[in-house]
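Subject: Structure handover

Hello,

Here is the structure we talked about. Please open it alongside this email.

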Amino acid sequence: MLSVLAPPSPSRRLPVLGRRSAFPLHASILVVLLAASSAPTPLYALYQAEWHLSALTVTVVFSAYALTLLGALLTAGTLSDHLGRRPVLIGALLAEAAAMAVFATAQGVTALIAARILQGLATGVATSAAGAALLDFEDPGRPGRATLANGITPVAGMAAGVLASTALVQYAPAPTRTVYLLLLLLFTAQAAAVLLTTETAHPRSGAWRSLRPGITVAPASRPSMRLLAPGVVAAWALGGFYSSLGPSLARLIAPHTPRATGGLVFFTLTAAAGLAVLAARSLSARTASSVGAAVLIPGALLTLSAPHLHSLPALFAGTALAGTGFGAVTQGALRLLLAPAAPDERAGTLAAYYVLSYLAMSIPAVLAGLLTNLYGLQTAVLLYAATVILLTLTGLVRSVRQPTSG
């Protein structure tokens, strides 16, 4: 009698994605990670109205994500160098999917903060692993493509996330659930796709030791990190302000504006940043960083003037300039930092850059929320803009005094 069960073939394996497919897959992971990070921004107004949240509470919810992401970068930023890119990414993407489920079922601010914490942990682990994988899968015949992707995918993702969420706020019957359910499906699909990629990192011992908090920057990248720090902090601090308090500022200027306007403020920032990243390719890394930092100053000034002028056009113009500066600073900084790093130093150097970035994004945003509660949003904007301008000028002076190649 013939057996109806054929023995499994020892040569049967999962199909493997080649370099040409793996590169855009990992770029899409970064896009969706950052889309998920910005998706709650247009929803903050709904949460505030439904749960009676203060401006400080909103910035705490926002910063719960950024600070836990920071903790993940400090502890697990180099984990994929030890365990491999695939297992780290798959685990992080499934954790992202779980965070989206918590968002979709949230009934109060506690659940919202819990979802942000889980999301921050997963994003911190995934960001450095996916960014390093982009460098691993880069076509040798097209050098610089991975650095460009690492620069543009975050802002493209944030723009896509806030735009999709804004549209759903306006038109979807359940805006506080729909966007998260869509993201849950995307993260699950991406985790399955990563399973089909080849492993590019050679697993090595020391995974537990690598979880000790610390920052690992390639020795050759350290001078650039010190030089670029003020401009990077200024750019990401503005990003944190627009992400957490941008909708509130829009409502202060024009109380009767449609709810979608608040989300469009952050979309303007990220869309301008994405265009600036593309435009900065034709400039040297140092020039891109310096020009971008300089553009932050008029952006901060226009944003500061918008409440006094009661002008939404001034707010959007300032936001566009701030986004342009943000994108150029990011592009220049990543090129200067990653170019001299050895392959086994990439994940750590990229994680260190994001540690600095998310510290700059989260802590000032919380302080702005506290100042808003104590003295009002206009005063908070004034102090925020003054700090950004001071940091930017410091960075520009240091760049002139200590020029670096690139």
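Contact here means heavy atoms within 4.5 Å. Keep that cut-off in mind for everything that touches below. One caution before the findings: this is a predicted model.

**Helix α8 and its partners**

Start with α7 and α8. Ser165, Leu168 and Val169 of α7 meet Pro175, Thr178, Val179 and Leu182 of α8. Five of the residues in this contact are nonpolar and two are polar, with no charged ones. Helix α7 covers residues 145-171, and its axis lies 8 Å from that of α8. The angle between them is about 145°. The crossing of α7 over α8 is right-handed.

Now α5 and α8. Helix α5 runs over residues 85-104 and α8 over residues 175-194. Their axes are 8 Å apart, at an angle of about 165°. Angles over 145 degrees count as roughly antiparallel, so α5 is roughly antiparallel to α8. This crossing is left-handed. On the α5 side, the contact residues include Arg86, Leu89, Ile90, Leu93 and Leu94. On the α8 side, they include Tyr180, Leu181, Leu184 and Phe187. By class, the α5 contact with α8 has 16 nonpolar, three polar and three charged residues.

**The core**

The largest nonpolar core has 123 residues. Which of its residues touch the most other members? They are Phe187, Trp236 and Tyr358. Phe187 is also one of the α8 residues in the contact with α5. Helix α10, residues 222-253, gives the core its largest share, 14 residues.

Look at Trp236 in the viewer. Leaving out residues up to four places away in sequence, Trp236 touches Phe326, Thr330, Tyr353, Tyr354, Ser357, Tyr358, Ala360 and Met361. Tyr358, in that list, is another of the residues that touch the most core members.

Is Arg85 buried or exposed? Arg85 has a relative accessibility of 5%. Buried means under 20%, so Arg85 counts as buried. Arg85 sits in helix α5. Beyond four places in sequence, its contacts are Ser80, Ala129, Ala132, Ala133, Asp136, Glu199, Thr200, Ala201 and Ala347.

Leu304 is in helix α12, residues 285-309. Its relative accessible area is 17%, so Leu304 is buried too. Beyond its neighbours within four places in sequence, Leu304 is in contact with Val381, Leu382 and Ala385.

**Two histidines with positive phi**

His52 has a positive phi, near 60°, and is not a glycine. His52 lies in the loop between α2 (44-51) and α3 (55-76). Exposed means over 50%, so His52, at 71% relative accessibility, counts as exposed.

His310 also has a positive phi, about 50°, without being a glycine. Where is His310? The residue lies in the loop between α12 and α13 (312-338). At 58% relative accessibility, His310 counts as exposed.

Best wishes

Definitions and conventions:
Residues are numbered from 1 along each chain as its sequence is written. This is a predicted model: local features need pLDDT of at least 70, side-chain atom pairs count only at pLDDT 80 or more; totals for chains, interfaces and linings use all residues. Side-chain values use heavy atoms; hydrogens and water are left out. A nonpolar core is a set of buried Ala, Val, Leu, Ile, Met, Phe, Trp, Tyr and Cys residues joined through side-chain atoms within 4.5 Å. Buried means under 20% relative accessible area, exposed over 50%, partly exposed in between (1.4 Å probe, protein chains only). Helices (H or I, at least four residues) and strands (E, at least two) are DSSP runs, numbered from the N terminus. Axes are lines fitted to C-alpha atoms, for helices over the stretch in contact, and angles run from 0 to 180 degrees between N-to-C directions. Angles under 35 degrees count as roughly parallel, over 145 as roughly antiparallel, 65 to 115 as roughly perpendicular and the rest as oblique. A crossing is left-handed if the near helix is turned anticlockwise from the far one by less than a right angle, and right-handed if clockwise. Ala, Val, Leu, Ile, Met, Phe, Trp, Tyr, Cys and Pro count as nonpolar, Asp, Glu, Lys and Arg as charged, and the others, Gly among them, as polar.
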